[in-house]
Every structure is written in C-alpha cells, then in structure tokens.
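Hi,

Here is the structure I said I'd pass along.

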Amino acid sequence: MNILNLFVIIPMIMLLALWASRNLRQTRSVMVVGSTMLLLLAAYLTVDFIAQRNAGADAEFLYTASWQWYAPLNICYSIGVDGISVAMILLSAIIVFTGTFASWKLQPLTKEFFLWYVLLSLGVFGFFISTDMFTMFMFYETALIPMYLLIGVWGSGRKEYSAMKLTLMLMGGSAFLLMGILGIYFGSGATTMNILEIAALANIPANIQYIFFPIIFLGFGVLGALFPFHTWSPDGHASAPTSVSMLHAGVLMKLGGYGCFRIAMYLLPQAANDLAWIFIILTTISVVYGALSAISQTDLKYINAYSSVSHCGLVLFALLMMTRTSCTGAILQMLSHGLMTALFFALIGMIYGRTHTRDIRELSGLMKVMPFLSVGYIIAGLANLGLPGFSGFVAEMTIFVGSFEQPDIFHRTVTIIACTSIVITAVYILRVVGKILYGKVKNEHHLTLDDATWDERFTVICLIICVAGLGIAPMWVSSLIEGGVGNIFNILHP
C-alpha cells in the first residue's frame, strides 16, 4: 500500500472509532492513538523521503500513484509528495497531535467535537498529498466545512456570526478556485487535471493564464488572509475553541499559500511573472496593516489573529518575489508561523480557561500566579518577534534577504516597507507581555488560580521544542524543501 493513503485511511478509521465510542475515556483514547499514529507516520515519511533524495531519486515527486474516479473528465485520485508537501504534512501532524491534548478537558459534546476535528484533519492531509486539481479541491472543501460547526457550536463570543462570516467568505474563495480549475482544464486543452502532467506540457496559452491566474490566486489568497479579504480571520480565530484555533491558524491558513505556489504559480508562470506586482502591493498592505491592527487590540485572541494576518501576508509576499531564497523563506515561514501561532493560541486558551477573560486590561501579574504558562507565553512572544534561536528569525530573515535580491526599485521599496513589521511586531508583543504577566495582580480571584496541568504542559513543551528546533537547526528543513522550491523556481524562470 502507498504510504500516503494512510494519511486518509487513519483519519477515516478514527472517525468510525469515534462514532462507536461510548464514553469520554474511549473518545480520548481514539484521539491519542490516532493522532500519535499520524505523527509517527509523518515523521517516518519525512525520514524516508530524505533518505530517498540522498540516495539519488530521480523524480522530484515521490510515492506517486493514481486511480481514475470519473472518466469523462479524466478526474483521478492522484497522490504524490515533494519536499514542500512532506514539510506541510509533518506540520499538520504536529498540530493535530498537540491540539488533541489542548482539547483534553473540552466539554460538552466531546465526541461530536472530535468527529468534526478529525474530518477537518482528513481534509488537510488529503489536500497536501493530492496532485490532481479536482481531488485537491475536494479535500480543500472537506477541510473548510467542519469549521462552521466547530466554531458555531463549541466557540465563544459572537460565535454564530463568526462561523457564518468565515464560511461565506471561504466559500466565495472556493467559487473562484473552481472557476480557475475548470478554466485551466478547458482552456489549456489538457486531457487531465493532474498538476504534474499539466506542468510538464507547459502549453497553457498566455491569454488563458492572464485570466485565471488572478482568479486562482484570489481564491487561495482568501484563505491566506490576503488584504482586503482577510476580515473573516480575526473573528474566526477569536470565536474558535483552542484546538480549532491552533489547527485553523497553524495549518488551514497554510492551504492558501501552498495552493498559490502549487497551482497558480506552478501552472501559470507567465501570468505570475507579469501580474505579481498587483498582489505584491496587496500582500505588503497585509503585512503592515495586520501588525498595526494588532497594536490597537485589547483581546489576546484578536492580537494573535491580526498577527497571523501579517505573518501569512509575509508568506504570499515572499512567494511573489520569486527568488529561490524568498520562496524558501516562504515555506519556512509557513512552518514557523504554524508552530508559533499554535503555541500562542494554546496558551491563550489555557489562560482564558482560568481567568475567563482575554482582555489585557483586566489581566496583570500572571507570572506570580501561573509561572509555567507565563514563561511559555514569553517564549512564544520572543519567537513571534523574530528573536535569533527561534523559527521566526530564520524564516523572516530568509524572506527579506531573498526579496532584496530583486534589483529593481519597486521590489526593494516594498521589501523595506514590509520590514517595518518586525519593529511593529516587537511593540505589540512586548506591550502585551509587560501588561499581562508583570505588575500587581488586579483581580484577587486570580491569586487562587492553578498553573498548567500535565496535558497543558505536554502541549506547550512539544510546541516550544519544535519552534526552537526549527530556529536552531533549520538546515534539514531547507534541504528537505530545496528540490520542491527549485522545481517551481525553474518553471517561473526558464
């Protein structure tokens, strides 16, 4: 059996096991066993992929396979991964695993929550292993649909409004994607929807590329929080339960950047080169606007949500710069942001679960009350603002250095503007850390609160190790994604 199929089969088995579970203990056991198997499988896939590449494997995409689904349109269940896909699968497995423990005490309807959570995970894994556009779109939709219920039922605050807004805007992006996919299929005269086969033909007419590149980039850009289509993101993050926020910001938003790279830029390179400047302007606005908006927020989740808008904007910004270094930085940023924001949302959820508030004006002196969670928050903040030794520094420096390799005044000017986000990020991170962790405890009730429990400590420690590991030893990740980045770079710059 192809190893990639297991990333679909295991979640399906988990869904059946969850449906059959009869109590909380059985539900938790299914989630722990299933998420652990996915993490171990992702780790094995990573090691085996690296070993095959080092052994001189000729094909860039490995573990490829295809089974026909619908003959009239030649739609196939086609799978395969390159280094970029493997990195995204590993990230997804880490977030699903840690998110399971972050939801350890979730009540009520725990079983139902995890059913939708696993379905969301199934869509994410299926998306990253797909090489057929229609199959990829199907898994994309599978990942989006559960978000409505996960936020609308188990969320907080204006959860119904946030769930509806998120669903409608992302479905709008999906409509653009479907138009783009059909446009490529019919406009190119291709007899397949397989991405690799279409790229190998390299015969999509320029006029077709100019029409459908903006459509596909916008479709995926909505999920990547591209300005001005980002407004669903802060509300969705603020209302989502902790593990959903972790998976949403840590993985789901990465589908946007991955899709832009894998379909829009890979299949439509001429239009990507000629029209990139339009989206560079929009992504520059996303980077700076997201950081500035975070400064003005008083809700911890909104602060991190707008920070995500800024950091996801950096991913699209780096891809559009189209240098090998900047594209490598974009993938590193997807990994770095996925881990950092998962850590942030996990900590925010733990703090909120004790204090019942996310308003920074009502929080202070938490270091005295919950030192473990406070130290974890400081580490997450330092990683977010790009302190050397953490993943944020490696990713952002690679992006900005790679972007500045473009010699013309336009690209260098927008790069300098985007660099200002580093300073702005430091301002809001240090402001929040100083406000909520230090000083005198304002609310006497907070003095009686407990620090992190074992499951919370386990979640935080796992994510901190990953953030620090990527920052200290990024070489293996760069080596892993080098071939995938180079393959797309060569198509963009023949």
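This is a predicted model: local features need pLDDT of at least 70, side-chain atom pairs count only at pLDDT 80 or more; totals for chains, interfaces and linings use all residues.

Asn207 sits in helix H8 (residues 206–223); helices here are DSSP runs of H or I with at least four residues, numbered from the N terminus. Asn207 is partly exposed, with a relative accessible area of 48% (buried is under 20%, exposed over 50%, partly exposed in between, using a 1.4 Å probe and protein chains only). Its C-alpha is 49 Å from that of Gly349, 142 residues away along the chain.

Numbering starts from 1 along each chain as its sequence is written, and side-chain values use heavy atoms, without hydrogens or water.

Now for H14 (residues 324–355), which packs against H11 (residues 254–267) at about 165 degrees, axes 10 Å apart (axes are lines fitted to C-alpha atoms over the stretch in contact, and angles run from 0 to 180 degrees between N-to-C directions). The two are therefore roughly antiparallel, a label for angles over 145 degrees. On the H11 side, Lys254, Gly257, Tyr258 and Phe261 meet Cys327, Ile331, Met334, His337 and Gly338 of H14, contact being heavy atoms within 4.5 Å. That contact splits into five nonpolar, three polar and one charged residue (Ala, Val, Leu, Ile, Met, Phe, Trp, Tyr, Cys and Pro are nonpolar; Asp, Glu, Lys and Arg charged; the others, Gly among them, polar).

H14 is mostly covered, with 28 of its 32 residues buried. Just after H14, His356 has a positive phi of about 60 degrees.

Cheers

Note on methods. Angles under 35 degrees count as roughly parallel, over 145 as roughly antiparallel, 65 to 115 as roughly perpendicular and the rest as oblique.
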